[in-house]
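This report describes the pockets of the model shown below and the residues that line them.

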Amino acid sequence: KDVSRGTEARPFRAESSHEKEAVKAILTFRGKPVFGTRGILADFASEAVSKFSDAVTAVAASLGGPLSPMGPIPNRGVNQLLITSTATGSFGFELEEYSTELPLDAVSPIEEALGRVHEVLNGTLGTDDELADTVVETDSRALGLIRSFLQAMVDSEATCAFGFKGKTFRFADVAQVKTSLNRLSQDNFAEKEELLDGELLGVLPKRRTFEFQVSNTGKIISGKVGAAFAEPRKLNDSLEQQSKARMTVTTIGAGRPRYTLIELKTGE
C-alpha cells in the first residue's frame, strides 16, 4: 500500500531531545499465506496490512469526533503508519507512526489508536464486559474496519501477533480469529438511544467519564462522554441543573449495559 497517499511531505523524525520519538509496533502473521521466515504471499500481506492500517487511521481520526458512515476519513494524510522493516518470529512488519511532531509528554492520535486496537483485539478474547469496555469507546466505523482486518485473516486461514509498547496480543489459531470476528459482529451488539431527565453530577474530563442521576428513579448512571464533546470539562458548567441527557446504551452478549453521553440540554 502507498502509505504516503494524501500528502507529499516526508515523514518527520525527532532530532531534538524535546521532541517525541515515533511510536512503533510489530505486526506478524502465521498460517497458510506464510512460509516460515522466508516470506509471505504478497496479495495477503498487502490486503491485511492495508486493512490494519485503515483501522488504526480511522480510530485516530475518530478521537476528534464521530466519523461519518461513509466518505473520506478526516486527517488521513497524517494519521498513517509507515512500514519500516520486516519482522521475524513468523513473518511480518515493523510499523511506525508517520508524524511525530509532538512534545515529549504528548500522546499522538496514532499512539492512542494503536493502543485502542490492541485493547479491542484483547477484548474479543475476554468476557462480554471486557469487550464492552473497549467497544463502547471505539467509533462504529472504526470497529467495522477492525472486523475487515479479522475477516481478511479468516478468509486466508491466517493468524497474527500484534506487539505494542511492550505488550503482545496473539491469536493461537484461526478458530480464535473466527471467534473474535463473531464477537465483533453486529449480531452480538445491542445498541439503542435513551433520553433521560435528571441532573449531571460530575465529569472527569481527562478520563471522559460522567455521573448522571435520573429524576424519576434516583438511579445514578455512570459512563463515557462521547466524542461529540470536544471539551468535556465544559459539561461541569451544567452540574445539578435539570437536564435532558441523550445517551447511547450498548450491551454486548450477556454483559451489562454501557452508557455514552452524546447530548445534554439544560433548563428543559
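## Pockets and their linings

The largest share of the lining of the largest pocket, seven residues, comes from α2. The structure is a predicted model, in which local features need pLDDT of at least 70, side-chain atom pairs count only at pLDDT 80 or more, and totals for chains, interfaces and linings use all residues. Residues are numbered from 1 along each chain as its sequence is written, and side-chain values use heavy atoms, without hydrogens and water.

A pocket is an open set of points on a 1 Å grid over the protein atoms alone where a 1.4 Å probe fits, with protein on both sides within 12 Å along at least five of seven lines; lining residues have an atom within 4 Å of a point. Helices (H or I, at least four residues) and strands (E, at least two) are DSSP runs, numbered from the N terminus.

Elements that each supply at least two residues of the lining of the largest pocket are α2 (109–124), α4 (140–156), β8 (189–204), β10 (220–225), β11 (242–252) and β12 (258–266). For the second largest pocket, β8, β9 (209–214), β10 and β12 each supply at least two lining residues, and β8 gives the largest share, four residues.

The volumes below are the space filled by probe spheres set on the points, with grid points joined across faces, edges and corners.

| Largest | about 1,500 Å³ | R116, V136, E137, T138 and D139, of 48 lining residues |
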